[in-house]
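Have the viewer open as you read.

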Amino acid sequence: MAGRRRSDRKLRGKLRSPGRPPVARQEHRHRFWAFIAAGKTSEDAAMEVGVSRPVGTRWFRQAGGMAPSHLARSAKPPSGRYLSFAEREEIALLRVEGLGVREVARRVGRAPSTISRELRRNAATRGGELDYRATTAQWHAERAGRRPKAAKLAANPELRSYVQERLGGAVGVPGRAAVPGPAVSWKGRRHGRRQHRRWGLAWSPQQIAERLRVDYPNEGRMRISHEAIYQALYIQGRGALKRELTACLRTGRALRVPRARMQGRGKSFVTPEILISERPAEAEDRAVPGHWEGDLILGLNRSAIGTLVERTTRFTMLLHLPPMEGHGVGPRAKNGPALAGHGAEAVRDAITGTITTLPEQVRRSLTWDQGSEMAQHARLRVETGLAVYFCDPHSPWQRGSNENTNGLLRQYFPKGTDLSVHSADDLAAVAAALNSRPRKTLGWRTPAEAFDAALQSVQKGVATTA
């Protein structure tokens, strides 16, 4: 034993494997996170790298939606002093041919001592022998290269308790028993729309980080950045905060969403040539009637009413969107038809049936937000001759007339009420009431009077041309 090398003396008999080698190497994961940073979904990024979609989803969820520091785009590339997987494959092939350490080193272009250490340190030892395989050697090298560092919250119980209390602590009146709030089970996903959420103190990580300086002004160990709190919440296995506490964040988001993916969000049917920037200038200055703005106002039980407002005269027309047969009867079918009544086909038919009652001269354009209910805008344009344009994302002021009208309509259709109980006659009556109100912007004329005058001028112009 005394004459053997230390690495050989440490070699024991058959060992239990520390786990199955991963399905991909570090360079695959690095490329995966590069695709994620570019805005691709975890499934698409996995396919680009060459692994299965479930593997990509698992990588994304285990990392909390954020790339590990050693795989981020800002991380330094691996140093040339370390063997690459291609070099390990070449070493394995040369060893199978029976070549010695020095000959292998000469062909690979490495020092003999490097090859000797590689064959001992990263060999497969489960069978009790030093069998060298490239995939196993790469796996061992990546495991040995980890530099785990205990999270600050995991190493400081007092700091962890402070953060947990202000994230998910009980809500209650001072001096009285805590109020538990609704019982909400943790499903590992973001809370759904219009659903109960867990009650807690719900301080933001930035509020917690800054308040620590006030509560502990002279204790340096009671300091943590808000980014470290987010990482402790989102990244599994850091041993600090439970991921259930993400339900106490204001977004309720269980996973981080890459910035590029958020910027790339948009409707596939919205192309650059139909954005509002391409709308004719005559629509912007409101000098020519016939340019409309549209939107939906929503109510309970997925009910909705469509609104159309003419930009020049503020004349309003309402679209009746009753629920379709089968709505609310059984569980909603995934990717099934929009039975609530305001799907793309229903909205297209409602706009066509309403707008075609007007002369062609006052059907110039329609501006809508990027809602999926306008996915059939191309067919709408063919059926009505109405050019359709879309606002920029999160820019409601680009449809200012329509937004203002929707606020007026809430007097008749308040939020939180079921809009499906109103018939087409009810909507016509409300539209008539709104169009008969005098408006300051029209010189105290009503929208109906202004629209009638516009129709007469259009018809007179057509007659003169004829």
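## Rings, cores and a sheet

Phenylalanine 32 has a relative accessibility of 0%, so it counts as buried. Keep in mind that this is a predicted model.

The structure holds seven aromatic pairs. Phenylalanine 32 and tryptophan 33 make up one of them, an edge-to-face pair. Ring pairs also link Phe32 and Trp33 with Trp59 and Phe60 into a cluster.

Another edge-to-face pair joins tyrosine 162 and tyrosine 216. Which parts of the chain does that pair bring together? Tyrosine 162 sits in helix α10 (residues 157-168), while tyrosine 216 is in the loop between α11 (205-215) and α12 (226-234), so the pair ties together parts that are 54 residues apart in sequence. Tyrosine 162 is buried, at 5% relative accessibility.

Here are the two pairs side by side:

| Aromatic pair | Centre to centre | Angle between planes |
|---|---|---|
| Phenylalanine 32 and tryptophan 33 | 5.3 Å | 85 degrees |
| Tyrosine 162 and tyrosine 216 | 5.8 Å | 70 degrees |

Elsewhere, the charged end of arginine 143 sits over the ring of tryptophan 139, at 5.4 Å from its centre.

In soluble globular proteins, nonpolar side chains tend to be buried together. The largest nonpolar core here has 26 residues, and those with the most contacts inside it are Trp292, Leu308, Ile351, Leu366, Trp368, Met374 and Phe390. Which elements give two or more residues to this core? They are β3 (291-298), β5 (316-320), α15 (344-355), β6 (365-368), β7 and α19 (447-465). Helix α15 gives the most, with four residues.

Phenylalanine 390 is worth a click. Leaving aside neighbours within four places in sequence, its contacts include Phe269, Val270, Ile274, Leu275, Ile276, Trp368 and Met374. There's also a second, separate core of 21 residues, with Ala151, Leu153, Ile229 and Leu241 among them.

On to the sheet. Five strands form an open sheet with mixed pairing, in the order β5-β4-β3-β6-β7. Strands β5 and β7 stand at the edges with a single partner strand each, so one side of each has no neighbour in the sheet. On average, neighbouring strands are turned by 25 degrees against each other, direction ignored.

Further in, β3 and β6 pair in the parallel sense over three bridges. Tryptophan 292 stands opposite leucine 366 in β6, and both of these residues are on the list of those with the most contacts inside the largest core.

What packs on the sheet? Helix α15 lies across β3, β4 (304-310), β5 and β6, running at about 135 degrees to β5. Helix α18 (residues 424-435) touches β4 and β5, and its direction makes about 165 degrees with that of β5.

One last stop is arginine 399, in the loop between β7 (387-390) and α17 (400-409). Is arginine 399 buried or exposed? Its relative accessible area is 2%, so arginine 399 is buried. Not counting residues up to four places away in sequence, arginine 399 touches Glu293, Gly294, Asp295, Thr367, Trp368, Asp369 and Cys391.

Notes: Residues are numbered from 1 along each chain as its sequence is written. This is a predicted model: local features need pLDDT of at least 70, side-chain atom pairs count only at pLDDT 80 or more; totals for chains, interfaces and linings use all residues. Side-chain values use heavy atoms; hydrogens and water are left out. Rings of Phe, Tyr and Trp (its six-membered ring) pair if their centres lie within 6.5 Å; planes under 30 degrees apart count as stacked, over 60 as edge-to-face and the rest as tilted. Buried means under 20% relative accessible area, exposed over 50%, partly exposed in between (1.4 Å probe, protein chains only). A charge sits over a ring if NZ of Lys or CZ of Arg is within 6 Å of the ring centre and within 35 degrees of the ring normal. Contact means heavy atoms within 4.5 Å. A nonpolar core is a set of buried Ala, Val, Leu, Ile, Met, Phe, Trp, Tyr and Cys residues joined through side-chain atoms within 4.5 Å. Two strands pair if DSSP finds at least two bridges between them. Axes are lines fitted to C-alpha atoms, for helices over the stretch in contact, and angles run from 0 to 180 degrees between N-to-C directions.
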